[in-house]
Amino acid sequence: MATWESRVTCSETYVSGGAENYSNVTITFQIRRMDYSMNGYNYEGTANWSIACNGSHSGNQYFNFNWGGTPAGTWWTVGSYSFKIPHNSDGSKTISYSAYFYTGITPESFSASGSKTLTKIPRYAKITTFKVTSTTQTGATVTWNTDATCNALYYSLNNGSWKSISVAKTFSLSGLAPGTSYTLKIRVKRSDSGLTTDSSNTTFSTLPIATISTYPITFNIGSPLVLTFQNYNNNASFLRLYQKNTSDSWVKITEVTGIQQSSYTWNLSSFATTMYNNTPNSNTSDIKIICGVVLNEKEYTNEYLGTANVVNSNPSFTTFVFGNTEEMSSEMLGSTLSMITYVGNLRVSISTANKAIAKNGASISYYNISVSNSNGDITILKKVNETTSNLAADFGNFQTAGSYSIKVEAVDSRGNISNLVTKNFVVYKYHTPTITVTLTRVNNFEKETGVTILAYLSRVYTTANKNALSSLKYRFREQGGGWSSYFTLSPSIATSNDDFKITYTHDLFRNLEIQKAYEFEFVITDKIQAVTSMQTVGQGVPLMTIADSGTVLVNEIPTMENLENDCSFLVGSDILARDSLGTQRKILEEITNKITFSETIEAEPQNTMNDTIWCPILATITLSSE
């Protein structure tokens, strides 16, 4: 009896790395004859085989075959079929399979079956739960789970480095910052495969500490600072106040603790002096408020900037003095508190006792001192810097009479201005004395000489005339000689508008030698100043003189020079004559117009003949035909 055997074999492949959880399984069905070689064939196409594996089936596969004398004991393959076999979730799988072969000849059919445990595929753990279940100001609680046992757990905050923690389904994060948003992800390591799985990011925020909602933060130094808060319920906060000083550095002013309310009124009046002193040069100062808590022995803070204002800090100023420093005009007016035009000096003085007083940490920088007229127009403005001694500003004299106001204000280092102190004064009209003197010889020749004096003095009327004539005097001398003593005159005085009119007339004032010229000095003096008028009286000039030589002189002095000039007729001015047409003409003027004198200078020739006399023409006279 023939001996036959049949078998099924199984081969497998799978995707490594855990990316897929299935195997590709190939089942092969084989037969062999052990006692003789295999002979025979199927030629009608009725032979078929089928393979089943784990519930899947190849179906009947029809074919013609020829064993072709396969040697005894040699396996002959009937057919193979591949199956995609899913594994269990843990990567394991055991399969069973069977095969059947219908030959249509003898032997008529074969069958075989078997089973196999497939290679276990390494698997990733699947994260089934991952969430932040609660938060505090500095921490969070996280819950997670997977579909497989894991032996390692890691977490990463804000995509930072991975940190290992114990494998517990709930873990806590600590040391976080309050009021901060974080991203969190975890990494788990499956125990059996050693493969790790990363979660996606989840976002959470820690609970905030109290924040100041007041905006803008501003208050007046010395007044309360009112602050409102959000998120104050979680814990009590502390407040710290800082201020910038003159060195641009932050200095701490004060601190309060235990603040846990929606609004807080911070009484800072006891720190006003300190805060004023930190800002002596400005009416505003930068401040900084730190609102914070201490959690787990660590401070967490929020910082806010604001402004402290200086108010009600204008300097105070009460008085000053002023006066005319020029003694004569002050004596004339009987007071230093008024002036006269063109004379004197207005001085405004502030003694150390009357200096302006700066307030709240400031210092006085300077004074504005102005003088304005009755229309309110400022005529002079001076800025006088503060010193440690008395202050004085000189304004000189004034050219326009009228009422004036002196206004003084103090300016401190913050630019704040004091009250304006005003005092008034009057400038009275005054001018320098004027004097006109006329001295004339009788007939312009005689020794008898007359004088006429006209002068004007300012009356300087206030409620009465303040000015007066102090003296009117003169002295004289021969021209080039020594002065006589002064002689005092007693003129007539009358009122003329704002002036005194001074007159003096004397027809026979002095007898002066005819042959000599004289100089006179007249001096008029009021209560302020003296004015001098210089006058000259020339020699006596006769209207007409007939000298012994027969020379006739008209309006000329018969000096030796005039008598020795070979002239028979000498006049001291032009001669007016009437021509044939009856027109008056000045003879010297007509001659000047008719005769042109032109001077020439000619160089002596170099090639003159011997005994030649060179006579250059020095002038040419041209007579006009007109």
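Modeller: Strands themselves are DSSP runs of E of at least two residues, numbered from the N terminus. This is a predicted model, where local features need pLDDT of at least 70 and side-chain atom pairs count only at pLDDT 80 or more, while totals for chains, interfaces and linings use all residues. Residues are numbered from 1 along each chain as its sequence is written, and side-chain values use heavy atoms, with hydrogens and water left out.

Colleague: Which strands stand at the edges of the open sheet that has β36 and β40 in it, and why does one side of each lack a neighbour?

Modeller: The open sheet has four strands, in the order β36-β35-β39-β40, with antiparallel pairing. Each edge strand has a single partner strand, so one side of it is left without a neighbour in the sheet. Those edge strands are β36 and β40 (530-537).

Colleague: What kind of aromatic pair do Y474 and F487 form?

Modeller: Their ring centres are 5.2 Å apart, with 25° between the planes. Y474 belongs to strand β35 (residues 469-478) and F487 to strand β36 (residues 487-488), so to speak distant parts of the chain, 13 residues apart. The kind of pair is stacked.

Colleague: Is Y474 buried or exposed?

Modeller: Buried means under 20% relative accessible area, exposed means over 50%, and partly exposed is in between (1.4 Å probe, protein chains only). F487 has 32%, which makes it partly exposed. Y474 has 4%, so it counts as buried.

Colleague: Which residue lies over the face of W144?

Modeller: A charge sits over a ring if NZ of Lys or CZ of Arg is within 6 Å of the ring centre and within 35 degrees of the ring normal. F320 has K423 over its face, at 5.0 Å from the ring centre. For W144, at 4.1 Å from the ring centre, the residue is K169.

Colleague: How many residues are in the hairpin that joins β9 to β10?

Modeller: Strand β9 (residues 127-135) and strand β10 (residues 140-146) pair in the antiparallel sense over seven bridges. V132 stands opposite V142 in β10. The hairpin joins the two strands through four residues.

Colleague: Where is the peptide bond from Y215 to P216, cis or trans?

Modeller: Most peptide bonds are trans. P216 is found in the loop between β17 (211-212) and β18 (217-220). With omega near -10°, the bond from Y215 to P216 is cis.

Colleague: And what is the phi of N54?

Modeller: Most residues other than glycine have a negative phi. N54 lies in the loop between β3 (41-53) and β4 (56-57), and at 32% relative accessibility it counts as partly exposed. Its phi is positive although N54 is not a glycine, at about 55°.

Colleague: Which residues does T449 contact, leaving aside neighbours within four places in sequence?

Modeller: Contact means heavy atoms within 4.5 Å. T449 is in strand β34 (residues 448-458) and is buried, with a relative accessible area of 0%. Its contacts are T440, R441, D507, L508, F509, R510 and L512.

Conventions:
Two strands pair if DSSP finds at least two bridges between them. Rings of Phe, Tyr and Trp (its six-membered ring) pair if their centres lie within 6.5 Å; planes under 30 degrees apart count as stacked, over 60 as edge-to-face and the rest as tilted.
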